[in-house]
Amino acid sequence: MPTIRRLAMVYALAGVDCVDVAADVAVVAAARQGVADAMIVAKRLEAQASRAVGSWDSLLPQPPHALTHRLKDDLPWLMVSLNDSADPHFRKAFFDAAHCPPDCPRPCESICPTDAIHFPDHGQGGVVPRLCYGCGRCIAVCPVDNIVAQAHLARPEDFLPEALNQVDAVEIHTHVGRQREFAALWQRLEPWRGQIKLVSVSCPDNPNIVEYLKALHHLMAPLTLPLIWQTDGRPMSGDLGKGTTHATLRLAQKVLAADLPGYVQLAGGTNAHTVHKLRELGWLKRANPLSPPLAELYPNDLGHTPHPWVAGIAYGSYARTLMMPLLETLEPYLEPWLQPWPQAANGETLGTHPSTSSQCPVPPAKEPPDRLGGLDDLVAAIDQARHLVGGIKQGQEITPSAMGKVAWGESGF
């Protein structure tokens, strides 16, 4: 869970609109705490800038005071992912190391993007479940077919009412031909619909995908929430190379041409090259300088996208891979940045949890050091994340979609 918390913190500071995590109470709490951490760090950056000699704050994506103001008014939404049936996002690798040959070169260990596979000794080891997000790369390279995928269903019933209050949006992973399973899950989500602000449907390509999505739209109607169709091109592959983004582009072209009610978002193979390709194709709508804030754009019905614009990009494995080396460098310095804010004379905490209030933390009563450690690493991490999630926003019209979304741990990372 510490990784989820740190990733949520950095990407919130970078301006991401939505954080998508597993439908697990502990994972949701970690992501929510990461967003709260972002508020604290932003305020400390502002305090550091006010005491700094020189202009290091020019390296930030925004001046610290502007960063604090944006987070205060526009915190990232927290989305949870559910599946109506078996799906590669909801699985973990498993094997019994006792069945591994003594002379095996262990390609599974080297190919794992999260270092989830360990062999402390011959016949010992295996997959660390909390690190595995189900990409399946180890299954494909095992020379003796010893690795299997263990699937699971993320159940909305596992959320207690108090945990549901932390959730802003829901994403349903489905596949063509599973309309009955989708309908059953949609019915079970009835208690959620009055609380969430957005619903997303993620589906991989299939010759009959347009007909299937139309059937799902009919099933969900009437729907007064913004709706996203997420084109899941090549799941969990964005960190493999720039070519992985082509599958989601091809699928997006098919869904855009269908003119379905709602908004289209890319996923599955997205990376740093995705925005460049969208610009080449002319699929990003140019901004209107008089466009209203995001919250004012939500329609009372599903809305339409009358032109072939892509409204958002979801980054998963690539967003994680990009940030992990920087987080490992930054981690030893973070504790002073995240110290609790003091209490007021009446005993109330100055600065509240972002899920219950938009109040921004006030500076601590005791002045921190002139320069907290790890500042350069923190700025570098924010800048890297900003370049990824901010690319689609540069010059684009804001629409009610998760324009820059990061997704980790649908399988309980």
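**Entry 1. Overall composition**

I took helices (H or I, at least four residues) and strands (E, at least two) as DSSP runs, numbered from the N terminus. On that basis I counted 13 helices and 12 strands in the protein chain. I note at the outset that the model is predicted. The protein chain has 413 residues, and buried residues make up 52% of them. I then looked at contacts between residues at least 6 apart in sequence, and 83% of these join residues at least 24 apart.

**Entry 2. Nonpolar cores**

I looked up the largest nonpolar core and found that 89 residues belong to it. Y11, W192, L213, W229 and M323 have the most contacts inside this core. Helix α2, residues 25–51, gives the most to the core, with 10 residues. Apart from this core lies another one of 15 residues, and I recorded A93, I117, F119 and I147 among them.

Leaving aside neighbours within four places in sequence, I found M323 in contact with L7, V10, Y11, A381, Q384 and A385.

**Entry 3. The pair α11 and α13**

Two packed helices are described by the angle between their axes and the distance between the axes. For helix α11 (residues 317–330) and helix α13 (residues 375–389), I read an angle of about 175° and axes 9 Å apart. Angles over 145 degrees count as roughly antiparallel, and α11 is therefore roughly antiparallel to α13.

I listed the residues at which the two helices meet. From α11 these are Y318, A319, L322, M323, L326, T329 and L330. From α13 they are D377, L378, A380, A381, Q384, A385 and L388.

**Entry 4. Helix α7**

I asked which residues of α7 (residues 179–188) are buried. They are F182, L185 and W186. Seen down the axis of α7, these buried residues fall within an arc of 100°, so they line one face of the helix. An α-helix has 3.6 residues a turn, so residues three or four places apart point the same way. The face of α7 turned away from the buried side carries R180 and Q187, both exposed. I also checked what covers the buried residues of α7, and the cover includes β2 (77–83), β7 (169–173), β8 (198–203) and α8 (209–220).

**Entry 5. Helix α10**

I repeated the check on α10, residues 274–281, where the buried residues are T274, V275 and L278. Their directions, seen down the axis of α10, fall within an arc of 95°, so they line one face of the helix. These residues pack against α9 (245–257), β10 (263–267) and β11 (312–315). Just after α10, I found G282 with a positive phi of about 75°.

A257 lies in helix α9. I found a relative accessibility of 68% for A257, and this residue therefore counts as exposed. A257 and V210 are 47 residues apart in sequence, yet I read 9.3 Å between them in space, C-alpha to C-alpha.

D259 has its place in the loop between α9 and β10. I noted a positive phi of about 50° for D259, although this residue is not a glycine. With a relative accessible area of 39%, D259 is partly exposed.

**Entry 6. Further backbone checks**

R106 is in the loop between β3 (91–94) and α4 (107–111). I found its phi near 55°, a positive value in a residue other than glycine. R106 counts as partly exposed, at 29% relative accessibility.

I also recorded a cis peptide bond joining A221 and P222, with omega about -5°. P222 is placed in the loop between α8 and β9 (227–232).

**Entry 7. Cysteines**

How many disulfides does a search of the whole structure find? I found zero. A disulfide is a covalent bond between the sulfur atoms of two cysteines. I took C138 as a case: the nearest cysteine sulfur, that of C135, is 6.2 Å away. A disulfide requires sulfur atoms within 2.5 Å, and C138 is in no disulfide.

Key. Residues are numbered from 1 along each chain as its sequence is written. This is a predicted model: local features need pLDDT of at least 70, side-chain atom pairs count only at pLDDT 80 or more; totals for chains, interfaces and linings use all residues. Side-chain values use heavy atoms; hydrogens and water are left out. Buried means under 20% relative accessible area, exposed over 50%, partly exposed in between (1.4 Å probe, protein chains only). The arc is that of the directions from the helix axis to the C-beta atoms. Contact means heavy atoms within 4.5 Å. A nonpolar core is a set of buried Ala, Val, Leu, Ile, Met, Phe, Trp, Tyr and Cys residues joined through side-chain atoms within 4.5 Å. Axes are lines fitted to C-alpha atoms, for helices over the stretch in contact, and angles run from 0 to 180 degrees between N-to-C directions. Angles under 35 degrees count as roughly parallel, over 145 as roughly antiparallel, 65 to 115 as roughly perpendicular and the rest as oblique.
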